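Please keep the sequence and the structure in view while reading.

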Amino acid sequence: MQDQLSLTFSALADPTRRALLAQLSQGEANVSDLARPFLNDMSLPAVTKHLKVLETAGLITKTRDAQCRPCKLNGENLKLAADWVDQYRLFWEQSFDRLDLYLQTVTAEKKGKKNVPKSKSTSKSK
């Protein structure tokens, strides 16, 4: 059995599932409405399988209302993934700051060398 974070990232790895989540970020929608943009490329059962993966990962909740199956976004597990990624943001920000400082130093050194006049021995000719 996979941990929740692994399930979340596995579900997010697929572009179709990310597109479904984007649709649900606009509000609750039923399965047929969610499937409509994808029906030129895949079948309704294929879209339903993608929704099942999202539901298993806890990224959406699907209820039953007579013949309609409304789905809605469950932000808790998305927040779990965002929090995990955020742990590394400080590391990358510090790394980029160090790289910026290094590049400024190298650039300043190169500018300093361009302003140094050439020696006379290299400019004399026979």
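## Secondary structure

The secondary structure of this chain consists of six helices and three strands. The model is a predicted one. Read from the N terminus, the order of the elements is α-α-β-α-α-β-β-α-α.

## The sheet

The three strands form an open sheet, arranged in the order β1-β3-β2, and the pairing is antiparallel. Strands β1 and β2 are the edge strands, since each of them pairs on one side only. Helix α2, which covers residues 15-24, packs on this sheet and touches β1, β2 and β3. The direction of helix α2 makes about 90° with that of β3.

The pairings can be followed residue by residue. Strand β1 (residues 29-30) pairs with strand β3 (residues 70-73) in the antiparallel sense over two bridges. Here A29 has C71 in β3 as its bridge partner, and N30 has P70 in β3. Strand β2 (residues 60-62) also pairs with β3 in the antiparallel sense, over three bridges. In this pairing, I60 stands opposite L73 of β3.

## Burial and contacts

The chain has 126 residues, of which 24% count as buried.

## A nonpolar patch on the surface

Which residues form a nonpolar patch on the surface? They are F9, W84, V85, Y88, F91, W92, F96, L99, Y102 and L103, and together they have about 1,000 Å² of accessible area. Helix α5, which spans residues 75-114, provides the largest share of the patch, with nine residues.

One member of the patch, L103, lies in helix α5. Why does L103 count as partly exposed? The relative accessibility of L103 is 42%. Buried means under 20% and exposed means over 50%, with partly exposed in between; L103 therefore counts as partly exposed at its value of 42%.

How values were computed: Residues are numbered from 1 along each chain as its sequence is written. This is a predicted model: local features need pLDDT of at least 70, side-chain atom pairs count only at pLDDT 80 or more; totals for chains, interfaces and linings use all residues. Side-chain values use heavy atoms; hydrogens and water are left out. Patches are made of residues with over 30% relative accessible area and no salt bridge: like charges are joined within 9 Å, nonpolar side chains (Val, Leu, Ile, Met, Phe, Trp, Tyr) within 5 Å. Accessible areas come from the Shrake-Rupley method with a 1.4 Å probe; for residues, only the protein chains shown count as cover. A salt bridge is a side-chain nitrogen of Lys or Arg within 4 Å of a carboxyl oxygen of Asp or Glu. Helices (H or I, at least four residues) and strands (E, at least two) are DSSP runs, numbered from the N terminus. Buried means under 20% relative accessible area, exposed over 50%, partly exposed in between (1.4 Å probe, protein chains only). Two strands pair if DSSP finds at least two bridges between them. Contact means heavy atoms within 4.5 Å. Axes are lines fitted to C-alpha atoms, for helices over the stretch in contact, and angles run from 0 to 180 degrees between N-to-C directions.
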